[in-house]
Amino acid sequence: MDPTKFRPSSAYDSAHWTTNNGPILLEDYQLVEKLAIFDRERIPERVVHARGASAKGFFEVTHDVSHLTCADFLRAPGVQTPLIVRFSTVIHERGSPETLRDPRGFAVKFYTREGNFDMVGNNIPVFFIRDGMKFPDVIRALKPNPKNHIQEGWRIADLFSHIPEAMHMFTWLFDDWGVPLNYRHMEGFGVHTFKLINREGKETYCKFHWKPKCGVKFLLEDEAVVVGGTNHSHATQDLFDAIARGEYPEWQLFIQTMAIEASHGMAWDEDKFDFDPLDDTKIWPEDIFPLQPVGRMVLNKNPDNFFHENEQLAFCPSMIVPGIYYSDDKMFQTRIFSYQDTQRYRLGGNYLMLPVNAPKCAHHNNHHDGVMNFMQRGEEVNYFPSRYDPARHSDRYPITRQVYSAPRERAVIGKENNFKQPGERFRSFDPARQERFVTRIADLLLHPRCTQEIRRVWVGYMSQCDASLGQRLAAKLRAQSAL
């Protein structure tokens, strides 16, 4: 072999020029195509949950819940269902550090025999608001200032001075819980109230909980600075490396259930409690509604390609299967629309055809044509029903039977009770943890642009949660001559 024939040379990978070192010719199709593809490699990042990491695995039923739901993937102990999970931060950009104080997304896509079920939750069991109308404002206030692109405390304090129901969320976010050690050491929650429907059509309210087998751990401020300064992708790398070395992360799935009165669609015991079971700013007390084990999730395979199985991975709370249904939780109802809408903007109208988003089971629809439709279809009938098409209705399954009879109006819920549960949570902290929480809230309110009015409102909210909490917060502000 003549080695000179195989000598590396840039001549084999260069553009076409005119003679005498003239300009590059536009007719160089390879150059133009390469640049055009490169110029379009990035797609719009998610408006929330832009930074995230995914992993694949399976869900296995360990306890019989067939008396509660006719969902096929929950039909019996031992049944396994493939899935993919995406953990994420919420507010900041795709390349932001994973050590920032921020809720974490915990989204699971089950590839069931009846289609995909997306359980799209967070690592905190409650949310900032119960009214979806406020959602864009909440996100905008938490995101950087549009003028200087810096996240600023005065904007957060200002907006939430108008939203007292957010105090419960802040007792989680500004607690140690707000910065998980990594994705493997955090819990997950469905946040919203779902409905389970069994074969007989009986409906039951339900909340979902994921508990990590390795325990829950957090990063305090000094630790977060070191970890984030060393590796701003520490949580992504920790998840990837753990799976690669065979230390497969595992979570147990639990549910809480509440009986529903069949004729009216309301909880049997709703009047016994001082909270609305469909209010996503509230938890269901576990001493009244104990956790019931359902199964386990094991993540045992890393993505084959980050873009295909993370950036193009799309979750929508609207994706449910027979036996699981939406409740009238107002934030839940809002997300049913918003998530699929943002995926169509981000990925295109045919995003459900992408392999990571498509069902693994046999399915039939008439989703024809549209931009980037790559499904090969040879049939002549693109409508339903038809005597020329063998497609028929799927098996019937029970659906919700709730009847509505009420005037249409804009209103707040009857049982707001915004301060009891955050007060109970604060009192559950040990003294050192309480002090860290008070200090973080005080630091938020000590932003130079925070007004006395905003600070007084926050002190008032915290005092209603717990009198000593309000006193300690006021003392810290007065010590800085800020109140």
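Author: Let us begin with a term: contact means that heavy atoms lie within 4.5 Å. The model shown here is predicted. In this model, the buried residues of helix α2 pack against α3 (153-160).

Reader: Which residues of helix α2 are the buried ones?

Author: In helix α2 (residues 135-142), they are Val-138, Ile-139, Ala-141 and Leu-142. A residue counts as buried when its relative accessible area is under 20%.

Reader: Why are α9 and α10 called oblique to each other?

Author: Two packed helices are described by the angle between their axes and the distance between the axes. The axes of helix α9 (residues 420-428) and helix α10 (residues 431-445) cross at roughly 130° and come within 8 Å. Angles over 145 degrees count as roughly antiparallel, and 65 to 115 as roughly perpendicular. The angle of roughly 130° belongs to neither class, nor to the roughly parallel one, which requires under 35 degrees; α9 and α10 are therefore oblique.

Reader: Which residues make the contact between these two helices?

Author: Helix α9 contributes Arg-425, Phe-426 and Arg-427, while α10 contributes Arg-433, Gln-434, Phe-437 and Val-438. By class, this contact has three nonpolar, one polar and three charged residues.

Reader: Why does Asp-369 count as exposed?

Author: The cut-off for exposed is over 50% relative accessible area. Asp-369 has a relative accessibility of 56%, so it counts as exposed. Asp-369 is located in the loop between α8 and α9, and its phi is near 60°, a positive value in a residue other than glycine.

Reader: Is Ser-481 buried or exposed?

Author: The relative accessible area of Ser-481 is 66%, so this residue is exposed. Ser-481 belongs to the segment after α12 (467-479). Although Ser-481 is not a glycine, it has a positive phi of about 55°.

Reader: What makes the peptide bond from Phe-384 to Pro-385 cis?

Author: That bond is cis, with its omega near 0°. Pro-385 is found in the loop between α8 (330-347) and α9.

Reader: How many helices and strands does the chain have, and what share of its residues counts as buried?

Author: The chain has twelve helices and eleven strands. Of its 483 residues, 51% count as buried.

Note on methods: Residues are numbered from 1 along each chain as its sequence is written. This is a predicted model: local features need pLDDT of at least 70, side-chain atom pairs count only at pLDDT 80 or more; totals for chains, interfaces and linings use all residues. Side-chain values use heavy atoms; hydrogens and water are left out. Axes are lines fitted to C-alpha atoms, for helices over the stretch in contact, and angles run from 0 to 180 degrees between N-to-C directions. Helices (H or I, at least four residues) and strands (E, at least two) are DSSP runs, numbered from the N terminus. Ala, Val, Leu, Ile, Met, Phe, Trp, Tyr, Cys and Pro count as nonpolar, Asp, Glu, Lys and Arg as charged, and the others, Gly among them, as polar. Buried means under 20% relative accessible area, exposed over 50%, partly exposed in between (1.4 Å probe, protein chains only).
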